[in-house]
Amino acid sequence: MTVPSSFPELWFFVALVIPGVTYAWAKRRFVGWQAPNQDVGTRTLEALFASVAFLLVYGAAFFLISGAAFTDAGAQLEQLVAQWPGVLTWVVAAALLVGLPVLVAYLMNARWVKVPMDGGKTKRKQVNRVKDTPRGWDKAAFTAYTPRFVRVKTAEGSWYGGWFDSDSLVSTYPHERDLFVEVQWQMSPEGDFVEPIPGSLGVWIPVTSDCIVEWVSGVPAGGEEEER
């Protein structure tokens, strides 16, 4: 495959991939990040496949409408574009490269139902919209931006926790789950916060699939709020 060396060639190359990229982007906007779309290679193949599909449909429609032979397609297209006003050419290009792929992405992927409401009214609700946050853990991590207590129960039944503030950290997708709690607290066997551990410089807590993590606001039972 040769690299485009002129502006028309570059424009033609960009036009080849725009429909697929637009379709993939619009699909993500309508239904969110689904499991197969987390991989870059999968998203790239989806965009390329969609581009090929759109170009085949556009090409078939062009030959059916114009009646041109395959060998004369380039000349016929140049002649057709030359007859159109410049603004109309850009409008048609935008509709075929952007508008139609967005419409197709919506029609093929978005699913809606009518939900009954008070007063006999109904509301349309999308049923296959996936949140942008990959996991519930990430949702909790993204909202942990205010000072709070956190405690973790391990598979063995041990409790670890402390004061989570601006110097604390929580990992999110695609990294493994873990916590850095800036001030460790002594925990009771029941999981209550007893008191800050003197001289604590923080504690790192790996969060495995057997752990239970709880975020606690206010003053936990058995403890006093740390003076900041």
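Of the contacts (heavy atoms within 4.5 Å) in the chain between residues at least 6 apart in sequence, 54% join residues at least 24 apart. The model is predicted: local features need pLDDT of at least 70, side-chain atom pairs count only at pLDDT 80 or more, and totals for chains, interfaces and linings use all residues. Residues are numbered from 1 along each chain as its sequence is written, and side-chain values use heavy atoms, with hydrogens and water left out.

Five helices and 10 strands are present in the chain; these are DSSP runs, numbered from the N terminus, with at least four residues (H or I) for a helix and at least two (E) for a strand. Of the 228 residues, 29% are buried, where buried means under 20% relative accessible area with a 1.4 Å probe, protein chains only.

Strand S3 (residues 148–153) contains Arg151. Arg151 has a relative accessible area of 15% and is therefore buried. The side chain of Arg151 lies 2.8 Å from the backbone oxygen of Gly191. Beyond neighbours within four places in sequence, the contacts of Arg151 include Trp159, Tyr160, Asp192, Phe193 and Glu214.

Aromatic pairs (rings of Phe, Tyr and Trp, the last by its six-membered ring, with centres within 6.5 Å) number eight. One of them, Phe54 and Tyr58, is tilted, with 6.1 Å centre to centre and 40° between the planes; planes under 30 degrees apart count as stacked, over 60 as edge-to-face and the rest as tilted. Phe54 and Tyr58 are separated by about one helical turn because they are four residues apart in helix H2 (residues 40–66). Both Phe54 and Tyr58 are buried. One aromatic cluster is formed by Phe149, Trp163, Trp185 and Phe193.

Methods: Buried < 20%, exposed > 50% of the residue type's maximum accessible area, 1.4 Å probe, protein only. Polar contact = N/O pair within 3.5 Å; in protein donor to acceptor, adjacent residues only side chain to side chain.
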